[in-house]
Amino acid sequence: MKSKRITEKTVSVTAAIGSVLIMLMIIANTYWTSKQAISSTNQAVAAVSAFYLESMADRRAKTITNLINNNFDYMEKAVSLIDDEQIDSQQELRAAIGRMKRLLSINRFALVDEDNIVYTQYTTYTGGSRHSFLVNETLDEKMISTVFIYGSSKELCLVIPIDIKIMGKQFKACFVQININDIVDLLAFDDQQSTHFALYSENGGNISETELGPYIGTKNIFDAIKGNVSEEEWNLFRDDFANGKRGTLILNISDVVDTVCYEPVPDTGWELVVMIRDSVIQDQIQEISEKSLAASHMQVVFLLVVATLFSALLFYLIRRVAKEKLEEEKEKSKVFRSMANTDSMTGIRNKHAYLETENQLNGRIREGLIDKLALVACDINGLKYVNDTKGHAAGDRLIKDASDLICDYFSHGSVYRTGGDEFVVLLQGKGYDNKEEVIAAFNKKIEENIKKNEVVVSIGYSTLSSDDEQLYDVFERADHMMYDRKKELKSMGAKTREFDEETQ
Amino acid sequence: MSGKMNSIFRKFLIVAFSLGIAGTGSAYAKDDVTNVSTTDRAVDFAHNLDDYVPAKKNYNFYFTYKIVHPWWDAVALGMEDAQRKYLEKGIVITYEYMAPEAASYEDQTKRLMQAQDGNYDVIGVDVADEEKISPVLDKMIDSGEKVMTFSSSDAASGCKRIAYVGNTHNYQDGADLTEALCEKLGYKGKIGILVGSYGAPCHEDRAKGAKDTIAKYKNMEIVAVEYDMDSIDKAYELSVDMLKDNPDIAGFVCCNMSNPVGTARAVTELGSEAVIVGMDHDQEALHYLKDGVIYCLGVQDCYSIGFDTLQVAVKIADGNLPGELFPDKTDESTTIIYQEDAEAMLENLYGDVSQ
């Protein structure tokens, strides 16, 4: 598979997309965390509400149960006390009943004889139609009922069977009536109006006449909540009331959430209902929650800012490093290229560079794109002699001197060292135009050098002709001319290879 | 919301009643039934004692009424309210409030004789049979007893009883209920009349009012008049018989508290469309009214009857006679209520419409 080159743009786009994705993930995570926090808070509020209410309802229901049981005990004792008294008249009986009534601090303490005549502190009346527990001729066990006083308050009626004789009459029952408002006072619910409660009959009727919050008030609770809970929940709620079960109901009325907890009051047929507005607990938790959320938001914002800055910095650094690396690579490439084309001794272009140039020029020559080109072939005279007689260091100096000399004169040309003592100069443009003068000056200098025993370089040159197909053709002519010059310089006293060989 | 409305309704009833009393305060013997609109008061629970200062600190009374029945239990509650209010003023009132299981002038006579032997400041009686009881009362008065009548039935005209507190317009109640029935039936059809106890003035007067009203309309006919002796079961049986004998019976006039309950049961059971009008505030009857089985009910203010009876008894015990302090007949109101009033009335009287 062909590997694709990774560009700077690719890196930048990847970094940008990565940064955006990270930010989106942070935001999504923050949103999810917030939702979770709200959901958890609501669940906690509901749980706290339910727990709080269940505990409260349970305690209050037990309070009523204790009240009932205590009153049953008191009634037994009161009847026993009356039985112990020597009562011979209705007046004495009324006085005794009055004492017990005061002792028990209740609305009505009464005895019932076998003819269903009811004896209270101030009245004696036939009670067959007035008291439901007298429907049966005999009374076998304790009874608890709710009395709806015609147009008046509602009372809790407790009845015990008795078996005593007073004034020669057989008495069959003792009953007390306790005003439900007194029971309500006994329950002593919180006075901050954050928790509401009411006692209900199994039919959902409010018998305590206490308001169960602003919406339900004192209405029948079944009627009040119908439509605000599902049909299934409503039916279950009714069934629980009918069967004396406990439970919890969440009411959501006009976006206000109320938790309702109901607890049966044993033996009474009542349900004690306690309600708290979730907002009450929520308000308590909200402040803490808001602070926590605010801190979380700050952290998230801080994290986002840091992440953004860090991403930007990282992006900048990556880009800068990449750019520097690229520059470095370019520089290295340039150096390597330079090293490959440069003669290490003289610092001028080497044969490799010449061959590259030759290759390029050949193409242009073939295409007829060049019309002015001159080639100068150069050769150092007496290099072997210097190497042999004065050592290679001296020979190297001679090469450098020759190179410097050639470069000095052919400053408008390209100088190549193509062999140990061979150089080529390519002249184009100004170098081409001035070639005659430069070559003449160079040759004059050489001839002077012969006399001074300094560096001698034989040169020959040629220009591109229309018949030339390649640079080598020009080179050949220049090379021939160079050899001719070498001979000429030999005649002037310059050392040559031939000379060297001859002298050895 | 309905609780609040109910409270407003109660207050309105009280105010309306007070205004009504103010307007009729000087009419000691008002014969007109208080056949008022449904929004007016039916039962007034807000009572205060008048300015009269009792002469004694202790009173002992004896009251006897026709029959053990919830109607008189409501009267008893008014009495107890007055007794408590006297007690708050330091005046102790004790009393007996007794009745037989079945209405009987013999039983009532026996009770009165026994009461005469007791040490009571005043003896009050709800006359079971005016013809039989009135002479007994005269004898008691002659022997120095202070005797008054109360609740549903006064003694016969000319009786020496000192005063009467209760319904003074039973004839008109019967007439007004029947008028409502006739109007509902378009002044035509067969009518059955149920009465309570033989000779009970309140029942007989209402029945007479019903008969006279029906007689005004040529297309209406009374097919039966029966007495249930204040028994719901008997009323049911009689109504079933009437319906079987006259399947096309169009309506019933029920003259006491048990009549409409028994009749409604029969009408419901037999699937009759007969229209029922009746008396009083029985809880079951109010439910039938709410359900539309009963067309309308005449509700007497029993609570006020009881409260006022005790106040008048105290004045009589102190030796006062009818005049400025109290009238010869203290009139108490009757209100005709219809289906739309039933729920509020149930709540008012029994505290819980579902009970």
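## A buried helix in chain B

In H11(B), the buried residues are Asp341(B), Ala342(B), Ala344(B), Met345(B), Leu346(B), Glu347(B), Asn348(B), Leu349(B) and Tyr350(B); buried means that 20 or more other C-beta atoms, placed from the backbone, lie within 10 Å of a residue's own. Nine of the 12 residues are buried, so H11(B) is largely enclosed by the rest of the structure. Helices (H or I, at least four residues) and strands (E, at least two) are DSSP runs, numbered from the N terminus.

This is a predicted model, where local features need pLDDT of at least 70, side-chain atom pairs count only at pLDDT 80 or more, and totals for chains, interfaces and linings use all residues. Residues are numbered from 1 along each chain as its sequence is written, while chains are lettered from A and ligands numbered from 1 in the order in which they are written.

## A sheet across both chains

Now to the strands: 12 of them form an open sheet with mixed pairing, in the order S4(A)-S5(A)-S6(A)-S1(A)-S2(A)-S3(A)-S2(B)-S1(B)-S3(B)-S4(B)-S5(B)-S11(B). Two strands pair if DSSP finds at least two bridges between them. At the edges stand S4(A) and S11(B), each with a single partner strand, so one side of each has no neighbour in the sheet.

S4(A) pairs with S5(A) in the antiparallel sense over six bridges. In S5(A), Lys154(A) is the bridge partner of Phe148(A).

## A four-strand sheet in chain A

Chain A also has an open sheet of four strands, ordered S7-S10-S9-S8 with antiparallel pairing. Its edge strands are S7 (195–200) and S8 (247–253). Eight bridges join S9(A) to S10(A), and Pro264(A) stands opposite Glu271(A) in S10(A).
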